[in-house]
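Me: I would like to go through the labels attached to this model and check each one against its cut-off.
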Amino acid sequence: MGDKYKTIYKYGEDEIDINKSRFIGYAKPVETEEEALEFIERINKKHYDATHNCYAYIIGQDAMIQRFNDDGEPSGTAGIPMLEVLKKEELVNVVTVATRYFGGVKLGAGGLIRAYTRTAKIGLEAGFIIDMVLHKIIKIRLDYTLYGQIENYILGEKIEIKDSVYDDAVNLQVYVKEDEVEVFQQKMTDLTSGTVEMEIIDEEFIPIKNGKRLK
């Protein structure tokens with residue numbers, strides 16, 4: 001398992017009109033193929049009267065599962081272009097659906113490819129493309145006399161505190177990026193002259209956009 005992957009943050013929906021046809025782009029973050037198929041079915045039911053409900057999805061950090069469907073559009077003009085959008089953006093664990101209500105003007109193969117590519121993009125953009133970055137959750141226990149120094153360092157490095165408990169010592173749980181754990185542990189040891197107690201208790205992927213955590 002890697003320590004970082006790209007996906008979308010939330011459900012996204014947007015629409016455009018292209019040569020009198022109405023195109024609605026949907027996107028949703030998913031963890032399994034079953035979730036992707038459930039979402040596709042939900043859109044199919046919502047737009048049972050649409051001319052086409054095409055889709056594409058990629059599941060797994062290794063992009064092991066990749067599926068698409070043209071739903072009656074000429075082969076290669078809808079599902080594959082949508083899948084290519086996901087691949088070009090290096091997105092995983094995401095499903096996108098493009099609903100089309102035909103407006104009477106044929107677009108041709110090239111026009112369809114452009115239309116479905118654009119529809120997938122607007123759905124994904126509405127869902128907000130992010131990085132999911134692996135963080136270790138580190139439990140720290142230290143003396144109150146050292147807390148000021150540690151707090152200053154944590155705040156200065158913009159390290160997020162997950163939890164804090166104050167008993168006969170200060171107990172913190174903090175999120176530290178996977179590739180920064182050793183540096184963090186060494187800094188804690190240096191600042192406390194080796195008296196800090198540390199333990200990695202869990203790990204979690206956290207949504208990051210432009211270096212900042214999304215809540």
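Me: In which strand is H52 found?

Reply: H52 is found in strand 4, residues 52-59. Helices (H or I, at least four residues) and strands (E, at least two) are DSSP runs, numbered from the N terminus. This is a predicted model, in which local features need pLDDT of at least 70 and side-chain atom pairs count only at pLDDT 80 or more, while totals for chains, interfaces and linings use all residues. Residues are numbered from 1 along each chain as its sequence is written, and side-chain values use heavy atoms, with hydrogens and water left out.

Me: Why is H52 called buried?

Reply: Buried means under 20% relative accessible area, exposed over 50%, and partly exposed in between (1.4 Å probe, protein chains only). H52 has a relative accessible area of 10%, so H52 is buried.

Me: What is H52 in contact with, leaving aside its neighbours within four places in sequence?

Reply: Contact means heavy atoms within 4.5 Å. By that rule H52 is in contact with D71, G72, E73, A98, T99, R100 and Y116, its neighbours within four places in sequence being left aside. For A98, which is 46 residues away along the chain, the C-alpha separation from H52 is 7.9 Å.

Me: Why are helix 2 and helix 3 called oblique to each other?

Reply: Angles under 35 degrees count as roughly parallel, over 145 as roughly antiparallel, 65 to 115 as roughly perpendicular, and the rest as oblique. Helix 2 (residues 79-88) and helix 3 (residues 108-127) pack at about 45°, with their axes 8 Å apart. The two helices are therefore oblique to each other. The axes are lines fitted to C-alpha atoms, for helices over the stretch in contact, and angles run from 0 to 180 degrees between N-to-C directions.

Me: Which residues meet where helix 2 and helix 3 pack?

Reply: From helix 2, P81, M82, V85 and L86 meet I113, Y116, T117, A120, K121 and L124 of helix 3. These residues divide into eight nonpolar, one polar and one charged. Here Ala, Val, Leu, Ile, Met, Phe, Trp, Tyr, Cys and Pro count as nonpolar, Asp, Glu, Lys and Arg as charged, and the others, Gly among them, as polar.

Me: What makes R141 and D168 a salt bridge?

Reply: A salt bridge is a side-chain nitrogen of Lys or Arg within 4 Å of a carboxyl oxygen of Asp or Glu. For R141 and D168 the closest N and O atoms are 2.7 Å apart, and the pair forms a salt bridge. R141 lies in strand 7 and D168 in the loop between strand 8 and strand 9, so the pair ties together parts 27 residues apart in sequence. R141 also forms a salt bridge with D167, at 3.2 Å between the closest N and O atoms.

Me: How do you know that D168 is exposed?

Reply: D168 has 61% relative accessibility, so it counts as exposed. R141, at 24%, is partly exposed, and D167, at 40%, is also partly exposed.

Me: How many salt bridges are there by this rule?

Reply: The count comes to eleven. One of them pairs R22 with E15, the closest N and O atoms being 3.0 Å apart.

Me: What is noted about the phi of N93?

Reply: Most residues other than glycine have a negative phi. The phi of N93 is near 55°, a positive value in a residue other than glycine. N93 lies in the loop between helix 2 and strand 6 (94-101), and at 6% relative accessible area N93 is buried. K158 too has a positive phi, about 55°, and is not a glycine. With a relative accessible area of 73%, K158 is exposed.
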